[in-house]
Every structure is written in C-alpha cells, then in structure tokens.
Amino acid sequence: MFKPERIIVPQPPMGCKCFLIEKPGMFVLEEGPGTLITDACTHAGAGALTIIDGVPNEQGFFPDEPIREHYDEVMFHELMGKRHGREMVRFPVVVMGSWMLNAGFHNGLTISVAGGHSDLSPIATIVWMPFRGVRA
Amino acid sequence: MPDWRNIVDEYVPCAPGSLMRSCTIERLGFTRVCRRACELYSVQILSAGPWVRARVLTFSGRPLWFQPSTFTGSFVLMAGTCEDEGGLMLEMDGKDRGASIVLNWREADVRMY
C-alpha cells in the first residue's frame, strides 16, 4: 500500500486542472467535489490504475462512517454513492486510449497506480474540473 | 527546463470566430506553440516516426502529456490547462526525424488580459 501523496495544482485562469501520472503511487489530486473530465492513457505499462472518489487518510485507507442497515434502499444507495473510497474507474490492466468520462465526484479525486514495476508504470494525463460553486 | 536558445517558436493563427488553434510538428527538439496560458484540447499522432518519444510541457517544465514510445492515435484531453503564462511546448526526441504530431489548443481571448 502506497502512502498518499498530495498534489497541488494551481487553479488555472481558464479550463480544467491537469496532471500527468507517470509513476506508481497514490495521488490525491483534489479534496472536494468536482468533475473528472478525461483520463488520457498514453502508455499502458504494467500495473493497475484506479480512480477513486474520496480522500484517503495518511495510511492510504478510506475511513468512513459505517452505513447502517436499517436505512431504506434509496437512502442506502445514496449513501453508498457518496461514500469515501468509491471506485469510479478501475483498469485492472491499463489500456491505452483517451477515456472521456465527465464523471462527478463528491469527496475528492484520488488516483491509485499499483503493482507492476516502477520503470514500467502506466502513464496517463488526468484532467478534472473542481467545483467552483453555484452562480446565480 | 531547456536552454531557451534551443526552443523554436511556431506562430499559429486562429480562425475568426474561434479561439482554437492547430499546428503540426515534425521536427525533433523543443517547439513552443503558444506564449500564454491556454487549454490543451488534444494531441494527435498521425505518424509514429522512428523510435520517437514525445512530451508536452508548460514553459516552466511541468509535463502535461507524455508518451515514451509514440503510437498513432488521438488523445483528447478536452481542456487540460497549461496555467503557465510562458506557454506550451512540445519536446520530441528520436533517431533521425520526428513523429508527425498535431497539437490542438485554445488560447484566451485577448480581452481577458
């Protein structure tokens, strides 16, 4: 298990934030809601890549409140959808390509690149837009 | 960060009514296509070339896109931003000639400045 690495990308004057993943590890790109725009994978390499909604603790785990069983089904699914650690995309074997997602996340954006060899890591550009609030 | 004297500048116009710009680059080395903050829309590789490695980076050297061994295809980033006011560069290394790479990006309207 990798220790999470906080990545700070400045808010650009236009467009979305962008970060190039080129080594194994766990990268926390955003702490807060937003939209994952695309995952452009330019090199498959060896290993797996997972995109997660949530912010891990210092040990790389996603602690969250347990979901109580007596909630009704609608509430249960809503809570499951908003929990920290929800996997949005999982590439057990990374496939090259430009994967356009436009997927929303509630808690944060974390990328986990695990397995494989450090010299043969998957390489991917992650583009996302943090939530900037509602304008009237 | 490369020596700035080794950077070749390309000047690319945009069409009236559109702020999107496009440029094909086939030379090895550093080529700067834009000299202010912009949105990188896509990187398209039309011809992989012989043993070519390509990287798109901001002028201060932050990599935005990298392919260690070029492969023909279209990599759409939608709006991956180069926040650096110095602009956007393509670095290409290879054996004797480069790949054929098309960059598409959008610069801000000059009225923003």
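Mentor: Two residues are in contact, or touch, if their C-beta atoms, placed from the backbone, lie within 7 Å. This is a predicted model, in which local features need pLDDT of at least 70 and side-chain atom pairs count only at pLDDT 80 or more, while totals for chains, interfaces and linings use all residues. Residues are numbered from 1 along each chain as its sequence is written, and chains are lettered from A and ligands numbered from 1 in the order in which they are written.

Let us begin with the core. A residue is buried if 20 or more other C-beta atoms lie within 10 Å of its own, exposed if 12 or fewer, and partly exposed in between, with C-beta atoms again placed from the backbone. A nonpolar core is a set of buried Ala, Val, Leu, Ile, Met, Phe, Trp, Tyr and Cys residues joined through C-beta atoms within 7 Å. The largest such core has 50 residues, and A:Val127 and B:Leu88 touch the most other members. Leaving aside residues up to four places away in sequence, B:Leu88 touches B:Val33, B:Cys34, B:Cys38, B:Leu40, B:Val56, B:Thr58, B:Cys82 and B:Trp105. In soluble globular proteins, nonpolar side chains tend to be buried together.

The strands of chain B come next. Helices (H or I, at least four residues) and strands (E, at least two) are DSSP runs, numbered from the N terminus, and two strands pair if DSSP finds at least two bridges between them. Five strands of chain B form an open sheet of mixed pairing in the order E1-E3-E8-E5-E6. Strand E1 (7-9) and strand E6 (63-67) of chain B are at the edges with a single partner strand each, so one side of each has no neighbour in the sheet. From one strand to the next, the twist averages 20°, where axes are lines fitted to C-alpha atoms (for helices over the stretch in contact) and angles run from 0 to 180 degrees between N-to-C directions. E1(B) and strand E3 (residues 29-34) of chain B are parallel and share 3 bridges, with B:Val8 as the bridge partner of B:Thr31 in E3(B).

Other strands of chain B pair as well. Strand E4 (residues 38-47) and strand E7 (residues 73-82) of chain B are antiparallel, with 7 bridges, and B:Gln44 stands opposite B:Ser74 in E7(B). E4(B) is also joined to E9(B) by 8 bridges in the antiparallel sense, and B:Ser42 has B:Asn104 as its bridge partner in E9(B).

B:Asp96 counts as exposed because it has 8 C-beta neighbours inside 10 Å. Its C-alpha atom is separated by 25 Å from that of B:Val12, 84 residues apart along the chain.

Now turn to chain A, the chain of A:Val127. Chain A has 1 helix and 9 strands, arranged along the sequence as β-β-β-β-β-α-β-β-β-β. Of its 136 residues, 32% count as buried. Among contacts in chain A between residues at least 6 apart in sequence, 81% join residues at least 24 apart. Its C-alpha atoms fill a box of roughly 50 × 40 × 25 Å along the principal axes.

Chain A also has an open sheet of 5 strands, in the order E1-E3-E8-E5-E6 and with mixed pairing. Strand E1 (4-6) and strand E6 (86-91) of chain A are at the edges, each with a single partner strand, so one side of each is left without a neighbour in the sheet. Strand E5 (residues 48-53) and strand E8 (residues 108-114) of chain A are antiparallel over 6 bridges; A:Leu49 has A:Val113 as its bridge partner in E8(A). E5(A) is also antiparallel to E6(A), through 5 bridges, and there the bridge partner of A:Leu49 is A:Phe91.

Finally, consider where the two chains meet. The contact takes 21 residues from chain A and 19 residues from chain B. On the side of chain A that touches chain B, strand E2 (17-21), strand E4 (34-43), strand E7 (97-105) and strand E9 (123-130) of chain A each supply at least two residues. E4(A) gives the most to this side, with 5 residues. By class, this side of chain A has 13 nonpolar, 6 polar and 2 charged residues; Ala, Val, Leu, Ile, Met, Phe, Trp, Tyr, Cys and Pro count as nonpolar, Asp, Glu, Lys and Arg as charged, and the others, Gly among them, as polar.
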